[in-house]
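Welcome, and thank you for taking a look at this chain with me. Please have the sequence and the model open side by side as you read.

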Amino acid sequence: MARIDSFLNALSSWSHPNERFARTSEAHQHEARVKASHACLSKVWLRLLAVLLIGFASLETRATPVTVLQVKDAIGPASADYVIRGIAKAADAGAPLVVIQLDTPGGLDISMRQIIQAILASRVPVAVFVSPEGARAASAGTYILYASHIAAMAPATTLGAATPVAIGLPGAERKPPVQDKGGGPDGSSKDDPDQAGPRPASTAPADVVAAKQVHDAAAFIRGLAQQRGRNAEWAERAVREAVSLTATEALREKVVDVIAEDVDDLLAQIDGRRVHIHGADITLSTRGLAQQAMLPDWRQRLLSVLANPSFALILMMIGIYGLMFEFSSPGFGLPGTVGAICLLLAMFALQLLPVNYAGLALIILGLALLAAEVVTPTLGVLGAGGVVAFVAGGLLLFDRDVPGLGLPLTLIFGLAASSVAVVLFAGGMALRARRRPIVSGCEEMKGAEGVVLERAGSGAWIQIHGERWRATSTDPLQPGQRVRVVGLQGLTLEVRTETGPITPGDTA
């Protein structure tokens, strides 16, 4: 029976061929439509994925711009903290490059070495760009330029004069540099087959300490030049002979890598260069990158103000005078509070700076002598000594040869003059107070006039300054008589009579 049914079904299918072909074509059409829809969806998803990838790439590019730091002052604790933190933040943000725009006359050796150590340890390439036009990278700036991965200068800029200056007595004389002949007594030079070209000049420093500083600085900058592949011979001359170069000369002497108009030009010129960082060569891709200027925060700005030698000296003066006023006239509170705060800030600033402690001691001695002049009648001897000590201490406190550290002479003499004015003002007030008549106490009662109110036994009651006093006298006392105090025994006045009666209302 099953076989018959299958046979009939086969006959039925063969008996209607058009219907069978129609069903087959419909199936193929449906399958084609499904495939077309799948292909269309695939294209849509691929386009969406491409848009997302491009968007993510653009976001990543915008999220990591080139970090630009600006140092336009003497190298000190504030600028060192600013550069070190800026390089660290750029590394954490994944910045492709750090550009330090440099314009400095020099600065402190310890701050310079902190910046150089941060550059050498940086995980991000660092380019030092001496700009804008007319800027300079003198003294400490030359060392920082040599330590960078990319050294660049703007037109009309200079670098060099990298001889170290000792912190000590200002204006210390040093011998001029002497060319090392390397020959015999006749001054003729000896041929050295192992060395080609002129030998670097050497100096004959005035003392051993200066010689150590010069030799150490020369070795330091020579090591930086060798590490970065720059002109080591000229670097040593910049230390020993204090020579300088313009931007064009620096490029010709292979001291810098490029001369650029601005940061955009710098990024375009160094695109494709290879730099060596921690044992790996990195190819820079900087053309057209965005820039982000990292400005100093409030902490670095405050540190920059406190590390100013002039401001530190003014703070110390305010602190000392505030405490002196508080101790001489206790009870106000405000001078002592302001003085303590200013003195602590001055001590913090002085520990950041290379201070000559002999100069600091002279300043404190001068202020102490000026204060002693107020309370000691020495006819100006202590005051004059205090002014001399203060001016000498101001001149010796910082080395005026170090860029950014010298105290202006106008400030020193201005503070000395203000100290003298304070002493004269305080002394004048003391003299005026000394010459004033006594207004209270037993001494004030002697010579005062009063009037007798009534008799009381052997004495009488009198009225003086609106007060009732018991008085005695060798003269007979009558009510209404005018009397004058001649002495005081305990709470009893000794009086004598005056001519002319007065009424009790005549005395106050």
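## The model and its overall make-up

This is a predicted model, in which local features need pLDDT of at least 70 and side-chain atom pairs count only at pLDDT 80 or more, while totals for chains, interfaces and linings use all residues. Residues are numbered from 1 along each chain as its sequence is written, and side-chain values use heavy atoms, with hydrogens and water left out.

The chain's secondary structure comes to 16 helices and 16 strands. Here helices (H or I, at least four residues) and strands (E, at least two) are DSSP runs, numbered from the N terminus. Of the chain's 508 residues, 36% count as buried. Buried means under 20% relative accessible area, exposed means over 50%, and partly exposed lies in between, using a 1.4 Å probe and protein chains only. Taking contacts (heavy atoms within 4.5 Å) between residues at least 6 apart in sequence, 63% join residues at least 24 apart.

## Nonpolar cores

In soluble globular proteins, nonpolar side chains tend to be buried together. A nonpolar core is taken here as a set of buried Ala, Val, Leu, Ile, Met, Phe, Trp, Tyr and Cys residues joined through side-chain atoms within 4.5 Å. The largest such core has 51 residues, and within it I100 and L159 touch the most other members. Leaving out residues up to four places away in sequence, L159 touches A137, T142, L145, M153, W234, V243, S244, L245, A250 and V255. A second, separate core of 26 residues includes L315, A346, L353 and V355.

I270 is a loop residue worth a look: its place is between α9 (263–269) and β9. I270 is buried, with a relative accessible area of 0%. Not counting residues up to four places away in sequence, I270 touches L97, I150, V258, L284 and T286.

## Helix α6

Helix α6 has 21 residues and reaches 31 Å from its first C-alpha to its last, close to the 30 Å expected at 1.5 Å a residue. The expected span is 1.5 Å times one less than the number of residues.

Which residues of α6 are buried? They are A210, A211, V214, A217, A218, I221, L224, A225 and R228. These cover an arc of only 165° around the axis, which puts them on the same side of α6; the arc is that of the directions from the helix axis to the C-beta atoms. They pack against α4 (109–120), α5, α7 (232–240) and β9 (274–277). On the face turned away from the buried side, α6 carries the exposed residues V208, V209, K212, Q226 and Q227. Just after α6, G229 takes a positive phi of about 70°.

## A stacked aromatic pair

A search of the whole structure finds one aromatic pair. The rings of Y143 and F220 have their centres 6.1 Å apart and their planes at 20°, so the pair is stacked. For Phe, Tyr and Trp (its six-membered ring), rings pair if their centres lie within 6.5 Å; planes under 30 degrees apart count as stacked, over 60 as edge-to-face and the rest as tilted.

The pair links distant parts of the chain, with Y143 in helix α5 (residues 140–147) and F220 in helix α6 (residues 208–228), 77 residues apart. Y143 is buried at a relative accessible area of 4%, whereas F220, at 21%, counts as partly exposed.

## Helix α12

Helix α12 (residues 334–352) has 19 residues and reaches 28 Å from its first C-alpha to its last, close to the 27 Å expected at 1.5 Å a residue. Its buried residues are P335, G336, G339, C342, A346, A349 and L350. Seen down the axis of α12, they fall within an arc of 155°, so they line one face of the helix. The face turned away from this buried side carries the exposed residues L344, M347 and Q351.

## Backbone details

Most residues other than glycine have a negative phi, and most peptide bonds are trans. A cis peptide bond joins S131 and P132, with omega about 0°; P132 is found in the loop between β3 (126–130) and β4 (136–138).

S139 has a positive phi, near 50°, and is found in the loop between β4 and α5. K254, also not a glycine, has a positive phi of about 60° and lies in the loop between α8 (247–252) and β8 (258–259). Are these two residues buried or exposed? S139 counts as buried at 16% relative accessibility, while K254 is exposed at 63%.
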